[in-house]
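Hi everyone, thanks for coming. I'd like to walk you through one model today, so let me put the sequence and the structure up on the screen.

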Amino acid sequence: MNEYSMYIQHDWDECIRSVENRVWISVKPRNGPSVHGHLQCKSHKLNGIPIIQGSNGFEVESVSSHAIQVKHLSCPSVTLLSPYRVFKDVHNASVTSLDVVGGQCVSASDSVLKSWSSLDHEKEKEVTMTGHYGDIYCCRWFPSVKVVLSCGADLRIKIWSSDTGECAGTLVGHTKAVTDLAIIDRGRNIISVSKDGTSKLWHVGSGKVIDDLIKSNPTTYINCCSISSPKNLNLGERNIPASDLEIGTDDKCLLIGCENGMLSLIGVYARKILATNNLDCPVNACNLSEDAQIYIGCNDGRVIWLDEQLVIKHCIFDTNSPVRCLCLFKELVVCGHGDGSCVIRSVNNKKAYLTGTNAEPIYDVSTDTRFLYTACRDGVIRKYLPELL
């Protein structure tokens with residue numbers, strides 16, 4: 001059975017390490033009933049590692065700090081990873097977006113942004129940024145890790161100093177909520193996508209729109225975007241003169257995913273649509289890698305790998321829970337789902353789970369190359385150490 005999901009009690013790592021304590025665990029086929037069991041600590045090895053016994057077909061294959069490997073009679077083994085560190089006091093409401101570079105975090109909750117360090121988190125060192133009206137849908141670091149970019153339900157894109165919390169500029173031009181952002185090189189140009197059906201190329205310094213990269217029907221909500229410089233991909237030829245405000249777009253390719261299932265791959269400098277595909281459900285999250293591999297997460301739970309022509313190469317359909325966010329960790333795809341599961345998947349169907357949420361949706365996931373971080377509706381940011389896999 002490949003189409004399955006595994007769930008475990010959210011505080012399992014704390015509970016299971018005491019003798020006779022037990023936690024619930026279940027495995028669920030995508031379109032079938034769940035099978036429930038328990039894991040119970042029977043004793044400890046000399047090094048303090050618990051010896052855990054499973055029930056109803058569940059078996060623990062290995063135990064380490066913050067991780068256990070579990071299999072069931074009906075499915076292959078998976079690794080369950082508990083948080084390496086938990087940040088409960090950064091926000092007091094749902095965390096809607098998160099970006100991390102070298103341990104420096106920027107996160108959004110409601111209309112408030114905060115920059116802070118996951119290495120030595122101290123409340124007095126947090127910088128708070130306020131000025132949006134309504135929910136913030138996306139926040140991202142500029143490469144300098146001194147400036148923050150954000151967008152949201154108020155139709156605006158804002159630029160912030162992470163040192164002072166002051167808003168350095170506001171970009172206005174969309175007519176509906178701005179859903180996602182992409183930064184080009186050092187950030188003199190950025191790209192935004194919106195529920196108004198447009199993807200805009202901006203010059204940050206002047207606050208001007210250089211061009212609409214795509215202009216769809218206003219009812220075609222664009223949910224997500226990803227930018228990269230894919231190698232050995234023909235990005236098309238430009239037929240119109242370039243503006244002096246446009247910098248660094250010549251090797252850039254933009255991927256967008258829409259509410260109506262449309263996927264488009266766009267040569268930014270040439271303004272050419274290189275490929276399209278129309279899926280039968282909303283695309284909620286996407287990623288375009290430098291080797292022109294494309295990864296998307298859909299509202300029906302599917303996680304799909306595509307090539308540069310947007311032809312589907314591989315699809316994992318193990319849950320009906322919507323994909324809310326997606327990032328790459330090395331060659332693995334990390335997806336946060338609406339049911340609170342955060343799954344690390346590979347094309348050969350190996351899986352690991354980032355646990356700790358109590359069925360609360362995961363709204364964003366980010367990596368700073370060593371750690372993975374999740375943003376959740378419960379207001380908690382969790383940090384994981386995937387090398388334990």
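Let's start with A359, which counts as exposed because its relative accessibility is 52%. For the terms, buried means under 20% relative accessible area, exposed over 50%, and partly exposed in between, with a 1.4 Å probe and protein chains only. A359 sits in the loop between β32 and β33 (362-367). Strands here are DSSP runs of E with at least two residues, helices are runs of H or I with at least four residues, and both are numbered from the N terminus. A359 also has a positive phi of about 65 degrees although it is not a glycine. As background, most residues other than glycine have a negative phi.

Before I go on, a word on what we're looking at. This is a predicted model, where local features need pLDDT of at least 70 and side-chain atom pairs count only at pLDDT 80 or more, while totals for chains, interfaces and linings use all residues. Residues are numbered from 1 along each chain as its sequence is written, and side-chain values use heavy atoms, with hydrogens and water left out.

Where is R271? Look in the loop between β23 (262-267) and β24 (272-278). R271 counts as buried because its relative accessibility is 17%.

Strand β32 belongs to an open sheet of seven strands, in the order β5-β6-β7-β32-β31-β30-β29, with mixed pairing. Two strands pair here if DSSP finds at least two bridges between them. At the edges stand β5 (58-64) and β29 (323-329), each with a single partner strand, so one side of each has no neighbour in the sheet. From one strand to the next, the twist averages 25 degrees; the axes behind that are lines fitted to C-alpha atoms, for helices over the stretch in contact, and angles run from 0 to 180 degrees between N-to-C directions.

With strand β7 (residues 75-81), β32 pairs in the parallel sense over three bridges, and T79 stands opposite A352. On the β31 side, strand β31 (residues 342-345) runs antiparallel to β32 (residues 351-354), joined by four bridges. R345 has K351 in β32 as its bridge partner. The two strands form a hairpin with five residues between them, and N349 in the turn has a positive phi of about 70 degrees.

What about the side chains of β32? K351 and Y353 point one way, A352 and L354 the other way, and all are buried.

β5 and strand β6 (residues 67-72) pair in the antiparallel sense over six bridges, with V60 opposite V70. Two residues lie between these strands, and H66 in the turn has a positive phi of about 70 degrees.

Strand β33 is part of an open sheet of four strands, β8-β35-β34-β33, with antiparallel pairing. The edge strands, β8 (85-87) and β33, each pair on one side only. Five bridges join β33 to strand β34 (residues 372-376), and D364 is partnered with A375 in β34.

Two stretches carry a record note, too. In the model, residues 129-170 are 0% helix and 57% strand, with the end C-alpha atoms 13 Å apart. For residues 171-212, we get 0% helix and 62% strand, and the end C-alpha atoms are 14 Å apart.

Last stop, D11. D11 lies in the loop between β1 (4-8) and α1, and counts as partly exposed because its relative accessibility is 24%. D11 and P83 are 72 residues apart in sequence, and their C-alpha atoms are 9.9 Å apart in space.

That's the tour, so please ask away!
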